[in-house]
Amino acid sequence: MTTQNQPASQPQSRWTFDPYHTQVEFAAKHLGMMTVRGNFTEIQATGDVYPDHPEASSVDVTIETASIRTHNAQRDNDLRSSNFLEVDKYPTMHFKSTKIEQTGPETYNMTGDLTIKGNTHPVTLKVLKYGEFNDPNMMGHRIAYSAETKINRKDFGITWNEVLETGGFAVADEVTITLDIELIRSEK
């Protein structure tokens, strides 16, 4: 498979995300005071990555919504319920990149379509390349990146909230999503 923007002189560069070195985390304010952080433990992702031609690169990520963890079983079950992710009805979230632009020597903007609860909206992630490593004997050829974006959870159908006595809300609308990813070059 080649992409429309793939450089004609460069062979396809298929990468697989290393599940042991890939993290998808989120953070949202609770009661307007503290930040609740969590992560997803089940992630499937692939990508065509061209370090010298980032505009030709693409990624495709699927996250199992039931794999949400916040270090509190009761809260995790609530987040899986119809109040939030409705994991029985929507077992996955999906992100597919549509455009990658280099913004600095090791920084990029990656725009793509994010789907949560059947609602798809474009998002832009700020990406930083951590580095590249090649060990043909043990670890293979690897690249590591971080990425961050902010979304309004209501745009994705996650609308439950509770008004507090102070007039504030139990859960903030803005959610920060952070990724730390390590990719391994595939032979095919």
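Predicted model: local features only at pLDDT ≥ 70, side-chain atom pairs only at ≥ 80, totals over all residues.
Thr149 touches Val123, Thr124, Leu125, Val175, Thr176 and Ile177, leaving aside residues up to four places away in sequence.

- You'll find Thr149 in strand 10, which covers residues 140-152.
- Is Thr149 buried or exposed? Its relative accessible area is 9%, and since buried means under 20%, Thr149 is buried.

**Helix 1 and how it sits**

- Helix 1 spans residues 73-80, and its buried residues are Asp76, Leu79 and Arg80.
- These residues cover an arc of only 100 degrees around the axis, so they sit on the same side of helix 1.
- What do the buried residues of helix 1 pack against? Their partner is strand 6, residues 68-69.

- As background, most residues other than glycine have a negative phi.
- His71 isn't a glycine, yet its phi is positive, at about 70 degrees.
- Look for His71 in the loop between strand 6 and helix 1.
- With a relative accessible area of 77%, His71 is exposed, because the cut-off for exposed is over 50%.
- Glu86 is another residue other than glycine with a positive phi, in this case near 50 degrees.
- Where is Glu86? It lies in the loop that runs between helix 1 and strand 7 (92-104).
- The relative accessibility of Glu86 is 22%, so Glu86 counts as partly exposed.

**A nonpolar patch on the surface**

- Which residues form the nonpolar patch on the surface? They are Leu31, Met33 and Met34, and together they have about 320 Å² of accessible area.
- Met34 belongs to strand 3, made up of residues 34-40.
- Because its relative accessibility is 48%, Met34 counts as partly exposed.

How values were computed
Residues numbered from 1 in each chain as written. Heavy atoms only, no water. Patch = residues over 30% accessible without salt bridge, like charges linked within 9 Å, V, L, I, M, F, W, Y side chains within 5 Å. Areas by Shrake-Rupley, 256 points an atom, 1.4 Å probe, with all protein chains shown as cover. Salt bridge = Lys/Arg side-chain N within 4 Å of Asp/Glu carboxyl O. Helix = DSSP H or I, 4+ residues; strand = E, 2+ residues; numbered from the N terminus. Buried < 20%, exposed > 50% of the residue type's maximum accessible area, 1.4 Å probe, protein only. Contact = heavy atoms within 4.5 Å. Arc of directions from axis to C-beta.
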